[in-house]
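Visitor: I am new to this structure. Please take me through one part of it up close.

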Amino acid sequence: MRPKIGYFCPYLPKEIVYALGFLPVRLLPRGEQEAEATAFLPRNFCSLVKAILADFIGGDDHGLEGVIFLDACDGYRRLHDVWREFVPVEVLDFVALPRLETPLAQERYHQALRLLVRRLEERFERELTAEALGQAVMIYNHQRRLLRTLHERERHGALPAGVDYGELMVQVYSRDPELMNRRLEAILEEDGANGAGGPRLMLVGSIRVKPELRRTIEELGGRVVAEDSCLDLRELVDEVNPEGSVDDILRDLAARYLSIPPCPRMRDLRGRLAHLLRADGHLDGVVCCYYKFCDLFLAEFPLIREELRKRGLPVLLLEDEGQPKLSGQALTRIEAFLEMLRQ
Amino acid sequence: MRRWEQLKPAFLRRLARSHLAFGLAERALALKHLPKEQDQVLLRFALDLGEKLFAKDARGVGANIFFPAELLYGLDIPPFYPEVASGLGASLGMAEEGLAKAEAAGYPGDLCTFHRNAVGMKLRGLFPPLRAYVATSHICDVAPQIMANFAYEDEVPFILVDVPPERDEESVDYVERQLEAAVEELCVVTGASFDIDRLREAIRLSNQARRYAIEVMELRRASPSPLRGSGMFGQLALIAFLFGSPHGVEYYRALRDYTHELVERGASEQANQRYRLLWLHLKPYYPNQLLAHLEDELGAAIVFEEMSLVWWDELDERRPLRALAEKILSHPSLGPAKHRAEVVLKLAREFAVDGVVHFNHWGCHQSTGALRIVRDRLRREGIPFLEIDGDCVDGRNLQWGPLLTRIEGFIEMLEG
């Protein structure tokens with residue numbers, strides 16, 4: 001069993017962590033009461049960040065050797081501040097993550113990744129070799145190819161019955177990638193047809209769309225054909241070159257990760273829209289499910305909604321307060337939205 | 001009244017574009033309706049800038065409040081700061097309508113009201129036409145997003161200057177190179193021409209204003225506190241707008257002279273001074289009783305405000321863009337909250353305050369998210385700390401009763 005290192009943001013190249021002999025584990029809220037975190041962050045603070053903090057604030061290290069922060073947004077910046085003071089899990093690095101995709105920003109991120117590697121090597125007295133890094137790149141390249149196929153199957157309603165897509169994605173980003181690759185291969189070998197009729201929806205979320213939402217939509221006769229979230233389409237890094245020195249691979253990782261489908265933190269509205277509209281033509285509507293007080297997604301929302309509406313796509317906004325279950329009000333709104341799409 | 005409310009946006013738009021309006025205001029200025037010289041300078045500045053921003057073929061550029069105006073003045077581009085306009089709009093009673101417009105456009109009610117009111121004011125047609133928007137990425141996540149939205153809607157370029165969380169030389173290089181690229185793009189979209197001597201002149205003016213502003217800071221350490229703190233909450237806007245312009249030098253020179261004269265006489269704008277407070281973040285900009293009650297009834301003197309801090313070193317005019325990169329990267333709220341906490345502690349000591357108050361502006365998550373770290377640091381040093389909840393722009397979010405109880409309790413505690 002590899003020791004685990006936690007991380008928070010899809011822009012972190014997991015390959016580096018894996019190649020150093022650790023298992024990168026994506027930290028997600030486990031549904032604890034975020035009230036636990038209110039002594040440390042204000043009551044009107046990002047509910048995702050508070051839910052994650054609540055999981056750790058009691059002293060449970062969840063078996064982690066440490067965590068790696070990225071300068072992702074105000075929310076994670078402030079989580080980092082209180083984490084260092086009050087959470088008994090070591091912060092291994094706070095990585096300066098650019099908000100641009102230019103050659104200058106890629107070079108800047110390359111330097112930041114070099115620094116991350118040096119800190120991890122020193123902290124754990126290990127050396128990152130080109131061979132191990134190249135191997136990790138190949139494993140994750142393979143995983144992303146499998147995930148692309150999975151997304152295509154999802155889009156065309158051809159996932160095997162019984163696959164809980166949301167839970168599967170959580171496992172993909174928290175379990176050993178080789179193990180998960182075998183599981184994905186097995187799933188893709190099965191024929192499937194989960195795509196009965198009903199309005200076809202895209203779910204847009206920040207870190208993730210809660211599995212409960214997807215299940216509810218499907219139970220109510222809707223069909224989820226795409227999900228844009230940090231646990232889904234935004235994780236799809238282009239193929240990374242596994243050849244060359246450690247530095248060559250780090251440079252390529254920096255470039256590839258900065259060019260993933262953009263999150264609003266990149267302020268690339270045109271890029272965001274182009275990415276979201278890739279599934280256009282297969283869609284009847286869009287459900288945006290954002291964590292309450294998540295400024296980045298909420299500030300971007302009006303323009304995204306406007307552009308989607310211009311293309312004839314109705315949009316429903318749900319704000320997630322970090323509870324595992326959907327509220328009664330959210331359920332009613334989903335029902336009404338699906339009803340409207342059927343008419 | 002209702003009809004006037006409906007007509008007001010159109011009237012203000014026409015007024016803003018009218019040379020007659022500027023002329024009348026200048027006449028009013030000549031009549032010296034504003035007794036303080038620094039206020040006259042501000043009015044002249046606002047008129048000059050308004051005339052440039054609303055002129056035919058104007059080439060104004062919108063910016064977030066942390067983008068250095070020196071660069072825009074150095075390119076002879078009039079700057080426009082939507083966040084400042086939003087605060088001004090709130091002070092003129094325009095927030096309710098602005099916020100309603102923003103909500104109707106889909107902006108959720110939990111977003112910062114400075115930004116939502118800016119959206120609403122823009123939708124009401126109160127902003128000047130702008131050739132581009134430019135924003136730095138640091139400190140506040142929402143501002144660059146709103147600038148990006150404005151640029152998208154207006155089909156003009158949006159330039160993001162990505163600011164890393166560290167203050168090392170590599171970060172300065174990184175920001176400097178982006179500023180170089182921003183200059184090139186701004187010249188293309190506005191038709192401005194780059195003249196290094198003009199940029200250096202803007203840096204020189206900024207440095208002159210800075211020296212006066214630092215003198216004002218030092219004079220404000222006096223006891224009794226010479227200035228009313230409630231009158232100094234526009235400083236963040238002035239730090240954004242004025243530095244790099246000749247008006248900035250005039251304003252801070254006049255403010256220095258005025259403050260100096262008060263200190264020399266041992267006089268003050270506020271008679272009742274029993275306690276000295278440092279104020280963190282901003283204040284409510286709409287009419288309210290909070291600060292008057294605190295100052296006049298309870299005898300609390302706001303001797304300094306976090307947002308009045310001149311935080312940056314003198315700018316090196318030989319390398320102007322590098323100097324501006326250093327200015328951006330030296331902001332106390334960049335990076336970990338403990339940087340901010342140390343700056344606050346230093347100010348509390350320098351100004352010999354009895355307590356520190358943080359105004360929790362609803363929706364400003366970068367600021368309130370740092371509170372636990374700031375509060376713990378101050379309490380370790382035995383400095384009393386009070387947080388009060390409210391909203392700088394939306395008066396409906398200020399609950400006067402509970403607020404009064406908290407403030408009076410805090411003052412009683414200081415007495416004890």
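Visitor: How many bridges join strand β1 of chain B to β2(B), and do they run parallel or antiparallel?

Guide: Two bridges join β1(B), residues 61-63, to β2(B), and the strands run parallel. This is a predicted model, where local features need pLDDT of at least 70, side-chain atom pairs count only at pLDDT 80 or more, and totals for chains, interfaces and linings use all residues. Residues are numbered from 1 along each chain as its sequence is written, while chains are lettered from A and ligands numbered from 1 in the order in which they are written.

Strands here are DSSP runs of E with at least two residues; helices are runs of H or I with at least four; both are numbered from the N terminus. Two strands pair if DSSP finds at least two bridges between them.

Now widen the view. The strands belong to an open sheet of four, in the order β2-β1-β3-β4 of chain B, with parallel pairing. β2 (79-80) and β4 (158-161) of chain B stand at the edges. Each has a single partner strand, so one side of each is left without a neighbour in the sheet.

Next, a helix on the sheet. α9(B), residues 169-190, lies across β1, β3 (132-136) and β4 of chain B. The helix runs at about 165° to β4(B). Such angles run from 0 to 180 degrees between N-to-C directions, with axes fitted to C-alpha atoms, for helices over the stretch in contact.

An automatic or database domain assignment sets their bounds. Domain 1 is 2-35 + 61-196, and domain 2 is 198-415. Their C-alpha centres lie 22 Å apart. The contact between them takes 41 residues from domain 1 and 37 residues from domain 2. Two residues are in contact if their C-beta atoms, placed from the backbone, lie within 7 Å. On the domain 1 side, α4 (69-74), α5 (82-91), α6 (95-104), α7 (113-123) and α9 of chain B each supply at least two residues. α9(B) gives the most, six residues. By class, the domain 1 side has 23 nonpolar, ten polar and eight charged residues. Nonpolar means Ala, Val, Leu, Ile, Met, Phe, Trp, Tyr, Cys and Pro; charged means Asp, Glu, Lys and Arg; the others, Gly among them, are polar.
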